[in-house]
Amino acid sequence: MDFRLGEASDALRERFRPFLEEHMTRELEERLYRTGVNHDDGFTRALVEEGWMAPGWPVELGGQGLDPIEMLTVSEELSRADAPTYGIGTTLMVATVIRAVGTEAQQAAVIPRALAGEIIIVLGFTEPEAGSDVAAATTRAVRDGDEWVIDGQKMFTTNAQIGDYVFLLTRTNPDVPKHKGLTMFLVPMDQPGVEVQAVYTLSGERTNISYYNDVRVSDEWRIGGVDEGWATMTVALQAEHGAGFAASIARLLAATEAWAVEATDEEGRRRLDDPEVREALGRTAIDLEVSRLLQRRVAWMAETGLPLATEGPMSKLFSSEAIKERAQEMVELVGPDALRSYFDPTAPSHGMIEHLLRYSVGTTIYAGTSEIHRNMIAQRGLGLPRTR
Ligand SMILES: Cc1cc2nc3c(=O)[nH]c(=O)nc-3n(C[C@H](O)[C@H](O)[C@H](O)COP(=O)(O)OP(=O)(O)OC[C@H]3O[C@@H](n4cnc5c(N)ncnc54)[C@H](O)[C@@H]3O)c2cc1C
């Protein structure tokens, strides 16, 4: 059994790294951490200009036609560099949904602009009372001739402050079981009645609450059938559940190793020679390897056309819990200095341990919480009955 990604992927990695070295500058990294906004127009433009915007898309649509394993190589490199890809990721996810279920007119209006980095599409799924149980959404859409009138509130609408469109989950029929009365829309963010309010998370990310008061949207912007929003959502959620955080664990390991080489104890001994430090680094290296393999298994299954059931949730769950646990362990190991931030010049390893400690908390929440992923594995993988 060969767990390497192969020569084509190695060559691709070599081709992509100079791009990241050139464009993922220290100045950009600092701006991303300072603002908490995981998007940068200049970086996106550079990706588009050099053909890296949507390498997994077919060549005729502006991609490079890369297969899932090659795509994994590109996303491993982007994550390793902590590049600003959240806005690009949500935009391309919605473009993928529109490609699958949208009308020809919608495809023509959205896909070329999405792949050219000209628009940002954000996700309006979560509500104050409907997060994990997203199908319980209550944001109402009521038909009025050729238009729909939307009223409601969404929570955690990340990048809404810079978004051009929100991919909005609405309730169009309250009188049927919850999954059967949902409809999706692509709503322009500059439409009267759309308001955005900033929310800053513990992880340092800027996200938002977004409000919709009598927002009018043409029926042309309905994505998928009326009351068939759950089927449309399923296409989107499948993409979300395949995430993994191996690259963040790699960053944590590198940051702690660098500290262990530099730092000494009261007797002047290198911390790297302390068995406790070596054990912690060893545990992190194992979690990194398992996370990487789980993520690679998802890509390999996608490439070979095998049906994915629990492999995506396993990858997301394991790697997010691992980065959270290991970051906490590293802080205990390093001591109070570990809590010096990126912006403190005396922070060990450029403050990366503190950054990853806070970042890790969000990873176990967005794209489905750990409990929800465990439920999915129990139900789909082990055939256990539903809990609720
Ligand atoms: C940084 C960040 C960015 C985000 N970006 C977006 C975005 O762009 N767009 C968007 O729509 N959403 C976004 N989200 C929202 C995210 O998807 C939700 O936070 C997540 O789905 C959980 O929903 P909730 O916060 O309402 O928690 P709840 O669903 O209220 O869960 C609360 C707790 O109960 C547990 N729980 C809930 N149901 C069950 C169950 N059936 N069994 C066992 N335990 C359960 C959960 O695991 C959790 O621990 C973002 C969240 C964060 C933190």
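Where does Thr 158 lie? Thr 158 sits in the loop between strand E3 (147-154) and strand E4 (165-171). Helices (H or I, at least four residues) and strands (E, at least two) are DSSP runs, numbered from the N terminus. The model is predicted: local features need pLDDT of at least 70, side-chain atom pairs count only at pLDDT 80 or more, and totals for chains, interfaces and linings use all residues. Residues are numbered from 1 along each chain as its sequence is written, and side-chain values use heavy atoms, with hydrogens and water left out.

Leave aside its neighbours within four places in sequence. Thr 158 is then in contact (heavy atoms within 4.5 Å) with Tyr 86, Val 122, Arg 206, Thr 207 and Asn 208. With Thr 207 there is also a polar contact, side chain to side chain, at 3.0 Å. A polar contact is a pair of N or O atoms within 3.5 Å; within protein, one must be able to donate a hydrogen and the other to accept it, and residues adjacent in sequence count only if both atoms are side-chain atoms. Ser 210 is 52 residues from Thr 158 along the chain, and their C-alpha atoms are separated by 9.4 Å.

The E3-E4 loop also holds Asn 159. Asn 159 is not a glycine, although its phi is positive, about 70 degrees. Is Asn 159 buried or exposed? Asn 159 has a relative accessible area of 1%, so it counts as buried. Buried means under 20% relative accessible area, exposed over 50%, and partly exposed in between (1.4 Å probe, protein chains only).

Now turn to the ligand. A polar side-chain atom of Thr 158 lies 2.8 Å from a nitrogen atom of the ligand. For Ser 132, the distance from a side-chain N or O atom to a ligand oxygen is 2.6 Å. For Tyr 86, a side-chain N or O atom is 3.2 Å from an oxygen of the ligand. Taken alone, the ligand exposes 980 Å², and the protein buries 72% of that. Accessible areas come from the Shrake-Rupley method with a 1.4 Å probe; for residues, only the protein chains shown count as cover.

Which residues come nearest to the ligand? Of the 16 residues around it, these are Thr 126, Ser 132, Phe 156, Thr 369 and Glu 371. A residue is near a molecule or strand if one of its heavy atoms lies within 4 Å of it. Helix H12 (residues 370-381) gives the largest share of the shell, three residues.

Next comes helix H4 (residues 68-80). Its 13 residues should span 18 Å at 1.5 Å a residue, and its end C-alpha atoms are 18 Å apart, which agrees. The expected span of a helix is 1.5 Å times one less than its number of residues. At the start of H4, a side-chain oxygen of Asp 67 reaches to within 3.1 Å of the backbone nitrogen of Ile 69. After H4 comes Asp 82, with a positive phi near 55 degrees.

Which residues of H4 are buried? They are Ile 69, Glu 70, Leu 72, Thr 73, Val 74, Glu 76, Glu 77 and Leu 78. An α-helix has 3.6 residues a turn, so residues three or four places apart point the same way. The cover over the buried residues of H4 includes helix H1 (7-23), helix H3 (41-49), helix H8 (246-262) and helix H9 (275-304).

Glu 50 is in the loop between H3 and H4. Its relative accessible area is 41%, so Glu 50 is partly exposed. Not counting residues up to four places away in sequence, Glu 50 touches Phe 19 and His 23.

Thr 363 lies in helix H11. Its relative accessibility is 0%, so Thr 363 counts as buried. Beyond its neighbours within four places in sequence, Thr 363 is in contact with Phe 245, Lys 316, Ser 320 and Ile 323. Thr 346 is in the loop between H10 and H11. Thr 346 is exposed, because its relative accessible area is 53%. Its side chain joins that of Asp 344 in a polar contact of 2.6 Å. The H10-H11 loop also contains His 350. His 350 is not a glycine, yet its phi is positive, about 55 degrees.
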